[in-house]
Amino acid sequence: MKRSYYIYNNGSLRRKDNTITFTNEYDEKKDLPIERVGDIYVMSEMSFNSSLINILAQNGIPVHFFNYYSFYTGSFYPREQLVSGNLLVHQVDHYSDSEKRLKIAKAFVEGASYNIYRNLRYYNGRGKNVQVHMDLIEDLRWQIPRAQSIQELMGYEGNIRKTYYNAWPTIIDQEIEFEKRVKNPPDNMINTLISFVNTLIYTKVLGEIYQTQLNPTISYLHEPGDRRFSLSLDLAEIFKPILGDRLIFSLLNRNQITQKSFTKGLNYLHLTKEASKTIVAELDAKMQTTIKHKDLNKTVSYQYLMKLECYKLVKHLLGEKEYEPFKIWW
Amino acid sequence: MYVILVYDIKSDEGGAKALTKTFKICKKYLTHIQNSVFEGEVSEAQLLKLKMELKPIIREDRDSLIVFKSRNERWIPKEMWGIQEDKTSNFL
């Protein structure tokens, strides 16, 4: 399995000897073995030139850029090497046929809400009383199959999330103020954390989509907008509760992230470099964690689960096997 | 699989050339740890590719190259004496 590389120090990334070399501010060099690089996250000031871009494209390595505020700037997405006109036609067909689209969208919400429920169940079993929220979510989940339109489905999803977020202050041991999800910009610690962790998951999913023939701009639950890879938002829904939210809970409950991890002057908008590093390192470790897959009968990492999700979607689109969202089974 | 690769290239005529070439090829696949030591996680196919690339460079009668293979990194407990630096880290 290829690895993700995270660049936190300022410096330059260059092509050298058919591989890449990172030189930091103090002129210390480090070679990255290009054959082992899955993708690169740039969290700092980095200079590079077009020959680097060339070698990255040749090796199919996406680069994700984040700005000073740890907000996602964008990705360098090398030319698609795996293209399939056939699949694209099917992808579009499943989008424009509202019935087919709704079916896939429902599967995403179904998977996401199940994983949300399981998160709550897990913490409920560990002395955090969130039974009320669990019951509410269970009720709300019944409505998903009944949705007649994407808007309606989004509404149910919104309600589930709202209930879910209401349970957060109970789950998190630290004193937090968190009432509702606020984006653009996030207004407190928790919202900043959620935003950051979610973008990381989007990019992880995008990296996996890149390795399949799927076109990342055509999505089903989210409206396929311009200038963004909305399919990764769709697929990320399923993984956000298990990877992202669990990560946030454990970071906070183990006091790895506290008020000190944020820049106060900016209304908790900005994560410190150390905090961002901690989060990324924990998520990276999580992505490499392996579990025994019940159908494949072999051990797979969480990262590979994301790719499997893409493959399942491909099979559904080509009419080979109906898509079933990933649901935590252990 | 997790491998440790070490090489010994004789510094006679043509040795310098073989040395730099070997070094450059190795660093595409593995992390440079010490002077002639590399380590890292590679797939079976990648290791084969590396072998094929190195084959014409290594002079069979003079140079030697050893690859230690392990199924997983965890079966090679690592201790660092002296300078402690994790060169295989993916945080830069």
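All views show a predicted model.

**View 1. The second largest pocket is lined by elements of chain A together with a strand of chain B.** In this predicted model, β1, α8 (273–288) and β12 (299–301) of chain A and β3 (37–41) of chain B each give at least two residues to the lining. The pocket has a volume of about 910 Å³, and among its 33 lining residues M1(A), R36(A), Q288(A), E41(B) and N72(B) lie nearest the centre. By class, the lining holds 10 nonpolar, 12 polar and 11 charged residues.

**View 2. The largest pocket has a volume of about 1100 Å³.** Its lining is made up of 35 residues, with K183(A), T199(A), Y202(A), R228(A) and L233(A) nearest the centre. The elements of chain A that supply two or more lining residues are β8, α5 (150–171), α6 (189–210) and α7 (230–253). Sorted by class, 10 of the lining residues are nonpolar, 14 polar and 11 charged.

**View 3. An open sheet of four strands in chain A runs in the order β1-β5-β7-β8, with mixed pairing.** Because β1 (3–7) and β8 (72–76) of chain A stand at the edges with a single partner strand each, one side of each is left without a neighbour in the sheet. Neighbouring strands of this sheet are turned against each other by 20 degrees on average, direction ignored.

**View 4. Strand β7 (residues 63–66) of chain A pairs with β8(A) in the antiparallel sense.** The pairing extends over four bridges, and V63(A) stands opposite F76(A) in β8(A).

Notes. Residues numbered from 1 in each chain as written. Chains lettered and ligands numbered in written order. Predicted model: local features only at pLDDT ≥ 70, side-chain atom pairs only at ≥ 80, totals over all residues. Heavy atoms only, no water. Pairing = 2+ DSSP bridges. Axes fitted to C-alpha atoms, helices over the stretch in contact; angles between N-to-C directions. 1 Å grid on protein atoms, 1.4 Å probe; cavity = no way out; pocket = protein on both sides within 12 Å on 5 of 7 lines; lining within 4 Å. Points joined across faces, edges and corners; volume = space filled by probe spheres on them. Nonpolar A, V, L, I, M, F, W, Y, C, P; charged D, E, K, R; others polar.
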